[in-house]
Amino acid sequence: MGVVIEREEWALTPLAYPLLSAAGLAAVLLLPYFSARAAAHAAGPSPSPFDAGAGPFLRFRRAFLLLFALASVVEGIQSVFGEDEFVRCGLGREQMAARLAATAAAALFPGAISGVISDKIGPRSACIFYWVLQLAVGALKSFSALRCGWINNFILALASSVFSFCFETWLVVEHEKQDQKQDLLFDTFWLMTFFESVSLIGSQEITNVLVSNGDNGFLLPYAFAATLSIVGILYIRNASSTTQHASAIGSYQKSFFAHVLRDKRVLILVLAQASIHFAVSAFWFLWAPTIVADGRYAQLSVIYPCFLASRMLGSAGFPWFYGATAPFQNEDSLTIAYIGAGLALSIVAYDYQEIGTLVILFCIFHACVGFILPSLARLRTMYLPNELRGGMMSFSLSLANAAIFVFLLQDAHRRNIENSTILGLASCGLLGAGGCIHMLRRWRKHTRQNARSL
């Protein structure tokens, strides 16, 4: 007589995603009525974050956010299948790790210098290069015979590296060209994170609509991504260009050493950016195995949007915590966010939890990430020359990618690194970054006191 083992499925409450999304939208819609700028407008609320700015920059900003949202949709489509894409290509766990490790190693050097090249050729050309890379990946994956090629992973890794800085650099250059207020730039930073989260959710819905049960259905999302890439290329080519005077290689090298490698404030931002990038990468590798560990079962496709909605909420909370009337200084709020994200991952790493608790902890982590990303962009604007932004960001990403490559290589050959160890190291990196941001706050306060004494 056989033994029947019943498997109980954990179900997420249906109100989780709507409540998180509603909270994020409420934080955006209520901002004009409760922000510091609303207090200065006695006649009524301040303009909406979507309507702020002068005519030319407002038009550019709206078009830029739309283009960035399309780029985020393409990013989401290229990564929505995750492990299932490797399984359909017939790869096992060790082969997946080896493929990802080889891709990380191959893209490590090109990704590291891509920011420098972006600073030399201009962010507008770098954005076109990003769309060309996405067009190449989408075109290759649209054919079943080419879908599993290693070159696809390499191009996609390089495109993700360029995506992380090219649009932000383009925005900053255009903002400086039109001589706008910094508040508009800071608002656009958190709107970028907000739109990215919304677009990633939308990419999942688009993929579900395009995918059918057959294998050919999995090719349609990539064809759609290639089409969006063509739209992005055509728009940027027709957009007005920003005049840039590129500096010589030698002068750029001297400036990079002086303003990045020898400035402890910028080095802190480099380490902080590397720690959050490594933590987010570790999360995407390990969140699904952590939730379904020990034979547990849950619908991961239902849980995934809650993480992105939490990120929306975190980014929408950013404008409430900076400015003259904010309860904390931006560095203090950023320190708290880093500590919150680090503690959330540390509990996941070193204490066995039920699925519900894990989902809550991961939502807290993503809310902190949504707050951290625009905060770091704001600090880069304060401490880093705009002409070095791409090189500095690619340098920080290369540090995180090097660590990711080491762990993937170990997992591919020896499998002697536990998932809890990787999450624990990511947690330590976030906690250390929080301490560094606190030091940055103290240094700036000390500098102000010395200036007043003089």
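This is a predicted model: local features need pLDDT of at least 70, side-chain atom pairs count only at pLDDT 80 or more; totals for chains, interfaces and linings use all residues.

Biologist: Why is Thr335 called buried?

Modeller: Its relative accessibility is 9%, and buried means under 20%; Thr335 therefore counts as buried. The residue is found in helix α14, residues 330–350.

Biologist: Which residues is Thr335 in contact with, leaving aside its neighbours within four places in sequence?

Modeller: Those residues are Gly434, Ile437 and His438.

Biologist: Why does Tyr33 count as exposed?

Modeller: The cut-off for exposed is over 50%, and Tyr33 has 55% relative accessibility, so it counts as exposed. Tyr33 is found in helix α2, residues 31–34. Together with Leu30, Phe34, Trp320 and Phe321, Tyr33 forms a nonpolar surface patch with about 530 Å² of accessible area.

Biologist: Which residues have the most contacts inside the largest nonpolar core?

Modeller: They are Phe167, Ile291 and Tyr338, in a core of 118 residues. Helix α15, residues 355–383, gives the largest share of this core, 15 residues.

Biologist: What makes α15 mostly covered?

Modeller: Of its 29 residues, 22 are buried, each with under 20% relative accessible area.

Biologist: How do you know that the span of α15 is close to the expected one?

Modeller: From its first C-alpha to its last, α15 reaches 41 Å, and 42 Å is expected at 1.5 Å a residue.

Note on methods: Residues are numbered from 1 along each chain as its sequence is written. Side-chain values use heavy atoms; hydrogens and water are left out. Helices (H or I, at least four residues) and strands (E, at least two) are DSSP runs, numbered from the N terminus. Buried means under 20% relative accessible area, exposed over 50%, partly exposed in between (1.4 Å probe, protein chains only). Contact means heavy atoms within 4.5 Å. A nonpolar core is a set of buried Ala, Val, Leu, Ile, Met, Phe, Trp, Tyr and Cys residues joined through side-chain atoms within 4.5 Å. Patches are made of residues with over 30% relative accessible area and no salt bridge: like charges are joined within 9 Å, nonpolar side chains (Val, Leu, Ile, Met, Phe, Trp, Tyr) within 5 Å. Accessible areas come from the Shrake-Rupley method with a 1.4 Å probe; for residues, only the protein chains shown count as cover. A salt bridge is a side-chain nitrogen of Lys or Arg within 4 Å of a carboxyl oxygen of Asp or Glu. The expected span of a helix is 1.5 Å times one less than its number of residues.
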